[in-house]
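Please look through the sequence and the model before reading on, and keep both in view while you work through the sections of this report.

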Amino acid sequence: QVQLVESGGGLVQAGGSLRLSCAASGSISSIETMGWYRQAPGNQRQLVAAITSGGTANYEDSVKGRFAISRNDAANMVSLEMNSLKPEDTAVYYCQADIIPTRETRIIGLIGVWGRGTQVTVSS
């Protein structure tokens, strides 16, 4: 019914930049919150950044001042601009969204949807 597709991952040298994008499609009425999580080998999945429907953003402490999240509601997209990348940023990055489905789905309330992830590798 709803899917998220990430793009923009890849290999970059330390100090470089990448821009991740996530497009939501399917039976969508509106999206309340969208965010990015990451998971490195041996680590728990953690929230990197999130943005509400009102445009309020929050960030994990280690990425403050380096990453910026934004959303385009007309396109049902969220992006994460990553600057001054460090090797410790290496992880699989996952897009997540809390979505209100269209009435045709006959679902009341929010549904949580995850993308399949995109690999970000930062070399030293």
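Does Asn76 count as buried, partly exposed or exposed? The model is a predicted one, and in it Asn76 has a relative accessibility of 22%. Because buried means under 20% and exposed means over 50%, Asn76 counts as partly exposed. Asn76 is found in the loop that runs between strand S7 (67–72) and strand S8 (77–82), and its phi is near 50°, a positive value in a residue other than glycine.

Ser84 is in the loop between S8 and strand S9 (91–101), and Ser84 has a positive phi of about 50° although it is not a glycine. With a relative accessible area of 42%, Ser84 is partly exposed. As background to these angles, most residues other than glycine have a negative phi.

## The nonpolar core

The largest nonpolar core has 30 residues, and the residues with the most contacts inside it are Trp36, Val48, Phe67, Val78, Leu80, Met82 and Tyr93. Several strands give two or more residues to this core, among them strand S1 (2–7), strand S3 (18–26), strand S4 (28–39), strand S5 (46–52) and strand S11 (118–123), and S7, S8 and S9 are also on that list. The strand that gives the most to this core is S9, with 5 residues.

In general terms, nonpolar side chains in soluble globular proteins tend to be buried together.

## The disulfide

How many disulfides does a search of the whole structure find? The search finds 1 disulfide, which joins Cys22 to Cys95 with an S to S distance of 2.1 Å. This pair links distant parts of the chain, since Cys22 is in strand S3 and Cys95 is in strand S9, 73 residues apart.

The torsion about the S-S bond of Cys22 and Cys95 is about -85°, so the disulfide is left-handed. Cys22 counts as buried because its relative accessibility is 0%, and Cys95, with a relative accessible area of 0%, is buried.

## Ser30 and its contacts

Ser30 is in strand S4, and with a relative accessible area of 27% Ser30 is partly exposed. When its neighbours within four places in sequence are left aside, Ser30 is in contact with Ile99 and Ile100. The C-alpha atoms of Ser30 and Thr102 are separated by 8.2 Å, while the two residues are 72 residues apart along the chain.

Methods: Residues are numbered from 1 along each chain as its sequence is written. This is a predicted model: local features need pLDDT of at least 70, side-chain atom pairs count only at pLDDT 80 or more; totals for chains, interfaces and linings use all residues. Side-chain values use heavy atoms; hydrogens and water are left out. Helices (H or I, at least four residues) and strands (E, at least two) are DSSP runs, numbered from the N terminus. Buried means under 20% relative accessible area, exposed over 50%, partly exposed in between (1.4 Å probe, protein chains only). A nonpolar core is a set of buried Ala, Val, Leu, Ile, Met, Phe, Trp, Tyr and Cys residues joined through side-chain atoms within 4.5 Å. Contact means heavy atoms within 4.5 Å. A disulfide is a pair of cysteine sulfur atoms within 2.5 Å.
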